[in-house]
Every structure is written in structure tokens, then in C-alpha cells.
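Subject: A structure for you to look at

Hi,

Here is the structure I promised to pass on. Have a look at it first, and then read on for what turned up.

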Amino acid sequence: MVYIRDIALPDFPLLLAPMEDVSDPPFRAVCKANGADLMYTEFISSEGLIRDAAKSRKKLDVFDYERPIGIQLFGSDVETMGECARISTLAGPDLIDINYGCPVKQVACRGAGAALLRDVPKMVEMTSAVVRNTHLPVTVKTRLGWDENTKNVEDVAERLQDIGIAALTVHGRTRVQMYKGDADWRLIAAIKNNPRIHIPIFGNGDIDSPQKAVEYKNRYGVDGVMIGRASIGYPWIFREVKHFVATGELLAPPTVEERVNMCRMHFEKSIEWKGQRVGIFEMRRHYAQYFRGLEGAKQWRMRLVETDSIEEVHAILNEIIAAEPVLVG
């Protein structure tokens, strides 16, 4: 077992990465159904939460079937982050996560996300404020450093553990790299092998197959891995990794019917949580991934993104099953 304070996870747990405009409750539902062990909300702006912005408040929604579930916060003001930890705790998650890894300009250039890697004392102060304002375990997600010359994540890990974080996830790229190039897990392994470190260390970056998950598990010794982009439209990545870890054998890819049924579940959850208009609209970004590689996928996707009718979406999904398209790529 792997423990985040009192939260018990299985050996080598699989975490779903918090992804903006992706990791909402409908998406989390399909990932949970396929074996994700720990999930996080989309990151929530502390400033938006303090302003009582509707979008930020909506992201606090968590459901019992998702547990254990963490609410992820980001911000640039220490006092505001502490207050948001208190507000988020009232929403009933199992833990609070702090985002010190987001590289996008809208976040980092405002002094939040990965920008805190350039001001470790402020990062420590902010983390301490969050820890003080919740009784829940506090975890952190960050990167190797700001750039190649400032890879300071080993120091960050020790200092954040000392003020009370319960687990750390490290993305194996710097902020300057964004999502380019290969993730470098060597510093993640160095943290895990540091005799001072006793909290769980999770690795993130480039896990897109069961084979790579096991390779990185064995090579770098992490307690678990966080999967992000590989799960979009393919939540089966979690069950496939679990099966390969347990047996050394690869599962067959999902059938056409499984793809359609999982897409349908995602669609229904989207309508349920967002309402018909927004639910239909925001589901459109997922169809290409669900049916990627299927013969005729482009035509199915075009029809799905052009309709505003719940009934028509279901009818098209039924047509895909009936057509029994083959996997061509």
C-alpha cells in the first residue's frame, strides 16, 4: 500500500493528472471506471474562488464515486491561497493539492503555477499557509525547475516535506520546456532515493503505454505515476497499465462497442453536470480521441460535432456500433 497520510492507495497507484478544460467530473467518471486510483479537479484559481466566480465555484464539485479525490489550487498570493484552502476543505475532498507546475503564460506570468519555482521561499510560505488552513492532507505538483540552469526540485522536495506536505508529484520537464522534448525522470528518482524523503513521490510525463509505466516504475523507483494526456479519449490506459503491472501481459484494446459505451457514459455525465447546451458543446472536443484509428472516424466525428440533439448523438453512437468499423491505425 501507498499512504498519503491516512489515504490508503494500492501498490503503484495510478493518478489522473489535473488538466484544465479536461479533468472535470464527467471525464473523471470514465477514468475512475477504468481504474484511476487518485484523481484531481481541474486547477482552481484562488483569486477566482475568493471573488466567488461561478466557474471556480463549479470546479469544487466532487462526488463520492470519485474518491479519493483532491481539489487542486493555484495562485500567487499567500494569504489568498490559505483562505482558499479553507474554502476548498468545506467542499469535502479527500486532500488539497497545490499547483506549482502549470507552465502556461496566463498562469506563470502572473506569479502562479511554475513561477513559484523561481521564488522558493514564497513557495514554502504559501504551502505552509495551505497546510495551516486545512485538516486534510496537502500534496504538491511541480516541475524540475524553471529552466535547465535552475533545476531545484530536490531542494523544493525537502523544504516542502519539512513544512508538512503529504506527497509530491513531479513532472519531468522544466517550465521553459513546456510540453516539448522528452521528460527527464532522473531528478525524480533522485528525490525518491533521498534518505531524507519519506513521503510518496509520484512521477509524471510521457507515460503513454503500459510498457513505459512499468519501465519507469522499475528504472526510477517511484511510488506511482500520474497519467495525463494519454488518458484523453482513452481512459482504458489505466486498466491496461494495471493489468500489465500485475501480469506482464498486454490487454486487448477496447472493442468498438466498449469505445462507444464509454463515450456514451462520458456524454451522459456531461449533460447531467453541465446541462444540455454546454454538455453537448464541450463533449465535442473528445469525440476525435474516442474514435481515433477507427475506419470512417472522421465522418462519425463530423456528424457528432454538428448536432445539438441528445437523441441524435445517441443515434449516431448506435450507428457506429452497428457499422462495426475496423481499427485501421
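The protein has 15 helices and eleven strands. Please keep in mind that this is a predicted model.

Let me start with the overall form. A compact globule of 329 residues would have a radius of gyration near 20 Å, and the protein agrees with that because its own value is 20 Å. Along the principal axes, the C-alpha atoms fill a box of roughly 60 × 45 × 35 Å. Of the 329 residues, 57% count as buried. If you take the contacts between residues at least 6 apart in sequence, 69% of them join residues at least 24 apart.

Next, the interior. In soluble globular proteins, nonpolar side chains tend to be buried together. Here the largest nonpolar core has 99 residues, and Ile4, Trp185 and Phe291 are those with the most contacts inside it.

Now for the pockets. The largest pocket holds about 510 Å³ of space, and 25 residues line it. Pro18, Met19, Lys141, Tyr179 and Arg229 are the lining residues nearest its centre. Strand 8 (138-143) and strand 11 (224-227) are the elements that give two or more residues to this lining. By class, the lining of the largest pocket has twelve nonpolar, seven polar and six charged residues.

And the second largest pocket? About 430 Å³ of space lies there, with a lining of 19 residues. At least two lining residues come from each of strand 5 (44-45), helix 2 (46-50), helix 3 (54-58) and helix 5 (105-108). The lining of the second largest pocket divides into seven nonpolar, six polar and six charged residues.

Happy browsing, and do write back with any thoughts.

Best wishes

Conventions:
Residues are numbered from 1 along each chain as its sequence is written. This is a predicted model: local features need pLDDT of at least 70, side-chain atom pairs count only at pLDDT 80 or more; totals for chains, interfaces and linings use all residues. Side-chain values use heavy atoms; hydrogens and water are left out. On a 1 Å grid over the protein atoms alone, a cavity is a set of points where a 1.4 Å probe fits but cannot get out, and a pocket is an open set with protein on both sides within 12 Å along at least five of seven lines; lining residues have an atom within 4 Å of a point. Grid points are joined across faces, edges and corners, and a volume is the space filled by probe spheres set on the points. Helices (H or I, at least four residues) and strands (E, at least two) are DSSP runs, numbered from the N terminus. Ala, Val, Leu, Ile, Met, Phe, Trp, Tyr, Cys and Pro count as nonpolar, Asp, Glu, Lys and Arg as charged, and the others, Gly among them, as polar. A nonpolar core is a set of buried Ala, Val, Leu, Ile, Met, Phe, Trp, Tyr and Cys residues joined through side-chain atoms within 4.5 Å. Buried means under 20% relative accessible area, exposed over 50%, partly exposed in between (1.4 Å probe, protein chains only). The radius of gyration is taken over C-alpha atoms; the globule rule is 2.2 Å times the number of residues to the power 0.38. Contact means heavy atoms within 4.5 Å.
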